[in-house]
Amino acid sequence: QVQLVESGGGLVQAGGSLRLSCAASGSIFRIYNLGWYRPAPGKQRELVAQITSGGVTNYADSVKGRFTISRDNAKNTVYLQMNSLKPEDTAVYYCHTLAKSSGSGAWRDYWGQGTQVTVSS
């Protein structure tokens, strides 16, 4: 099993910044990608940003140019630097990974508990 622990959420005024962190631990054989999701209208969760083990990134259009995702492979940790925050960014942000617990095991999705980000206008 893989556990994900998020930190860094909080309350910030519009235009401000926050940095989220998510550390993966447990029985980790290999991590393919790490990313952040948040709830969206009509969807269970929408992708905010994602980064593969090779460093390829993907962002939602709504956050491009404002958010930056990065990872420390040695620490199995992913970061989300959020700048120029808007009230519509208010949400619970969930960390996600696609990972294997063993070499013969299947790739599985793992989720963190979520961290609240609130942006006041």
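View 1. A106 counts as exposed because its relative accessibility is 57% (exposed is over 50%, buried under 20%, partly exposed in between; 1.4 Å probe, protein chains only). The model is predicted; local features need pLDDT of at least 70 and side-chain atom pairs pLDDT 80 or more, while totals for chains, interfaces and linings use all residues. Residues are numbered from 1 along each chain as its sequence is written, and side-chain values use heavy atoms, without hydrogens and water. A106 sits in the loop between β9 and β10 (108-111); strands are DSSP runs of E, at least two residues, numbered from the N terminus. Leaving aside neighbours within four places in sequence, A106 is in contact with A99 and K100 (heavy atoms within 4.5 Å). Its C-alpha atom is separated by 39 Å from that of S84, 22 residues apart along the chain.

**View 2. Buried E6 in strand β1 (residues 2-7).** The side chain of E6 reaches two backbone nitrogens, that of C95 at 2.8 Å and that of Q113 at 3.1 Å. E6 has no salt bridge (a side-chain nitrogen of Lys or Arg within 4 Å of a carboxyl oxygen of Asp or Glu). R45, the nearest side chain of opposite charge, is 7.6 Å away. Beyond four places in sequence, contacts of E6 include W36, Y93 and G112.

**View 3. The largest nonpolar core, with 29 residues.** Such a core is a set of buried Ala, Val, Leu, Ile, Met, Phe, Trp, Tyr and Cys residues joined through side-chain atoms within 4.5 Å. W36, L80, M82 and Y93 have the most contacts inside it. Elements giving two or more residues include β1, β4 (30-40) and β8 (77-82). Among the contacts of L80 beyond four places in sequence are W36, V48, F67 and Y93.

Key
Helix = DSSP H or I, 4+ residues; strand = E, 2+ residues; numbered from the N terminus. Lys, Arg positive; Asp, Glu negative; His and termini not counted. Polar contact = N/O pair within 3.5 Å; in protein donor to acceptor, adjacent residues only side chain to side chain.
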